[in-house]
Amino acid sequence: MKNIAAQFEINGEIADITPLKIGHINDSYIVHAKNANDPSYFLQKINANIFKDVAGLQQNIQLVTDHLRKKLADKGVSDLDRKVLRLIPTKDGKLFYQTADDDYWRMYVYIQNTHGYDAITPELAYKAGVAFGDFQDMLSDIDKTHLIETIPDFHNMEFRLQQFRDAVEDNKAGRLAKTQQIVAEIEKRADEMCRPQQLFREGRLVKRINHCDTKVNNMLFDENDEPTCIVDLDTVMPGFVLSDFGDFMRTAANTGAEDDANLDNIGVDMEIFEAYTKGYLRKATFLTPVELDNLAFGAKLLSYMQTVRFFTDYLNGDTYYKIQYPEHNLQRTLAQLRLLQSQEAHFDTMRQIVQKYSGR
Ligand code: GN1
Ligand code: MG
């Protein structure tokens, strides 16, 4: 591992390298500096089965972080290496290192004295809403010429349903018989959940540059619990704002965990929902009436999408997401479905909250 880290342009000597248990896709490590004055680094093995174009992915991250850094510098913000991720190039000037076995690695500056949350308070949710609203705003004028879709059709619900139906058809892991009820729950909502794609085709819903993975733990907070940096930029790409609003709600405005073993823990946390909406809408003044109209729906959509994605992986025999135990993807599916049902029960109130803060 030290040999991998040594391929990058790092300052100082390495003390040790420790694995971090975060994320369902890539493998992450902290490279600790021997000398306290030297920076530590964040090293990741990129999952190239999922990110097929690693060069394009890394180029995206470089373009996005350069753009964000420039925006913040123009606003007079200091300490930029704490506010925006900084990629460390390899010693031969590349944005990633490819091993002889075709593993792909990348490195960032490690941002010291920050922490993330899997569960947050309304006060922090409000701040996170402001920060994610700002993030979309800052990216709204990025030059898209060289940006790729790092995972094509990533949040396209029609495409995800197609993958799900293929998985049902193939039943590769022989898990279908005992899960017919879930199939029915997914199918009965399919038309409703594809509505954004329809609105897009009709020219009524726009695409903007989104983060596309606004899980609550992808925001780092500093010692004073102020949002410092938005991380995990693998999926920054054009999409519907409903995705970013919805994915935060899916992960933060849930009284239970994404994979909660006790489904009774799960439900919408309306205080978090309201606080985030208030913060987000304070910044996201660029939203069109159609986007505002569908924002609360975005929360349902992302819980549904994640139900479909976890379940598809379960049917396929767990080839996409890392799992901690054999039926993990089934548990995740059931937990996301339960959250969706709770969101459906609270939907009118969720819509009223969006309306209240949208100034209409
Ligand atoms: C994956 O690796 P992580 O946890 O940041 C996934 C997201 C899902 C999420 C579900 C590239 O993100 O789309 O919403 O798991 N990322 C990719 O928790 O598929
Ligand atoms: Mg991610």
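"Buried" here means under 20% relative accessible area, "exposed" means over 50%, and "partly exposed" is anything in between. Keep that in mind as you click around this predicted model.

**Stop 1: the magnesium ion.** Select ligand 2, the magnesium ion, and show what holds it: Asp213 and Asp232 coordinate it through OD atoms, at 1.9 to 2.0 Å. The two residues sit 19 apart and link distant parts of the chain. Asp213 belongs to the loop between strand 7 (208–210) and strand 8 (219–221), while Asp232 is in the loop between strand 9 and strand 10.

Now colour by accessibility. Is Asp213 buried or exposed? Its relative accessible area is 18%, so Asp213 is buried. Asp232 comes out at 26%, so it counts as partly exposed.

Stay on Asp232 and check its backbone. Its phi is near 60°, a positive value in a residue other than glycine. For background, most residues other than glycine have a negative phi.

**Stop 2: either side of helix 5.** Select Asn156, in the loop between helix 4 (122–139) and helix 5 (157–170). At 14% relative accessibility, Asn156 is buried. Follow its side chain: it reaches the backbone nitrogen of Glu158 at 3.0 Å.

Next, go to Asn171, in the loop between helix 5 and helix 6 (180–193). Asn171 has a positive phi too, near 40°. With a relative accessible area of 27%, Asn171 is partly exposed.

**Stop 3: the cavities.** How many cavities of 30 Å³ or more does a search of the whole structure find? There are two.

For the largest, select His155, Met157, Met193, Pro196, Gln197, Phe240, Ser243, Leu301 and Met305, which line it. Helix 7 (195–201) and helix 10 (289–316) are the elements that give two or more residues to this lining. The volume of the largest cavity is about 40 Å³. Sort its lining by class and you get six nonpolar residues, three polar and no charged.

By class, the lining of the second largest cavity has six nonpolar, three polar and one charged.

Methods. Residues numbered from 1 in each chain as written. Chains lettered and ligands numbered in written order. Predicted model: local features only at pLDDT ≥ 70, side-chain atom pairs only at ≥ 80, totals over all residues. Heavy atoms only, no water. Helix = DSSP H or I, 4+ residues; strand = E, 2+ residues; numbered from the N terminus. Buried < 20%, exposed > 50% of the residue type's maximum accessible area, 1.4 Å probe, protein only. Polar contact = N/O pair within 3.5 Å; in protein donor to acceptor, adjacent residues only side chain to side chain. Donors = N, O, S within 2.8 Å, 3.2 Å for Na, K, Ca; no water. 1 Å grid on protein atoms, 1.4 Å probe; cavity = no way out; pocket = protein on both sides within 12 Å on 5 of 7 lines; lining within 4 Å. Points joined across faces, edges and corners; volume = space filled by probe spheres on them. Nonpolar A, V, L, I, M, F, W, Y, C, P; charged D, E, K, R; others polar.
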